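Reader: I am new to protein models. Can you show me how to read one?

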Amino acid sequence: MTTLTKAGPFGSLLQFHRIREGYTQQQLADFSALSVRAIRDLEHGRVERPRQDTVRLLADALRLDEESRDAFAKAARAVQSDRAGAAEWTAVASRTGYEYATMLLASLSADAGDGTWETALNDMAKQSWRLLAVDQGVAFLERRLDA
């Protein structure tokens with residue numbers, strides 16, 4: 001069975017918007033005046049609650065509209081590790097109408113019964129997940145909540 005990792009509300013939205021704009025982590029860092037390491041740490045959930053000015057810089061660099069900025073700011077305040085964070089993640093997902101997730105393709109092992117990454121992505125497609133992008137061995141997926 002394929003394991004899907006959720007990066008957390010803010011990290012998932014950040015990855016989604018960055019990929020949607022076609023930016024690399026380096027480009028987003030340049031546009032936002034943040035470091036590549038900061039972008040990476042935010043996307044991977046190593047930083048759970050970014051500062052408000054960091055969120056503003058990223059939203060500006062990503063050219064988010066008012067509604068997307070609001071969802072982005074709410075996701076930044078959520079903490080996935082506790083119940084309030086899980087509730088906030090659900091609120092953000094219901095507001096956007098989509099759930100986001102990432103899959104580390106290099107972690108799949110045919111020996112462990114996971115199969116190939118092609119098989120894993122096909123399995124996800126059968127569960128209504130849609131592949132958004134693949135960047136540095138990580139697949140970014142979304143699915144509509146009402147599906």
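This is a predicted model: local features need pLDDT of at least 70, side-chain atom pairs count only at pLDDT 80 or more; totals for chains, interfaces and linings use all residues.

Reader: How many helices and strands does the protein chain have?

Author: Start with the count of elements. The protein chain has seven helices and three strands. Then read their order. From the N terminus, the run is α-α-α-α-α-α-β-α-β-β.

Reader: What share of the residues is buried?

Author: Buried residues make up 42% of the 147 residues. The accessible surface is about 8200 Å², and carbon and sulfur atoms hold 48% of that surface.

Reader: How do I read a helix pair? At what angle do the axes of α4 and α5 cross?

Author: Look at the axes, then the handedness, then the residues. Helix α4 spans residues 52-61, and helix α5 spans residues 66-77. Their axes come within 10 Å and cross at roughly 145°. The crossing is right-handed.

Reader: Which residues meet there?

Author: From α4 come V55, R56, L58, A59 and D60. They meet R69, F72, A73 and A76 of α5. By type, the contact has six nonpolar residues, three charged and no polar ones.

Reader: Now one residue. Is E142 buried or exposed?

Author: Compare its relative accessibility with the cut-off: under 20% means buried. E142 is at 3%, so E142 counts as buried. E142 sits in strand β3, residues 138-144.

Reader: Which residues is E142 in contact with, beyond its neighbours within four places in sequence?

Author: They are F16, Y98, E99, Y100, S128, W129, R130 and L132.

Methods: Residues are numbered from 1 along each chain as its sequence is written. Side-chain values use heavy atoms; hydrogens and water are left out. Axes are lines fitted to C-alpha atoms, for helices over the stretch in contact, and angles run from 0 to 180 degrees between N-to-C directions. Helices (H or I, at least four residues) and strands (E, at least two) are DSSP runs, numbered from the N terminus. A crossing is left-handed if the near helix is turned anticlockwise from the far one by less than a right angle, and right-handed if clockwise. Contact means heavy atoms within 4.5 Å. Ala, Val, Leu, Ile, Met, Phe, Trp, Tyr, Cys and Pro count as nonpolar, Asp, Glu, Lys and Arg as charged, and the others, Gly among them, as polar. Buried means under 20% relative accessible area, exposed over 50%, partly exposed in between (1.4 Å probe, protein chains only). Accessible areas come from the Shrake-Rupley method with a 1.4 Å probe; for residues, only the protein chains shown count as cover.
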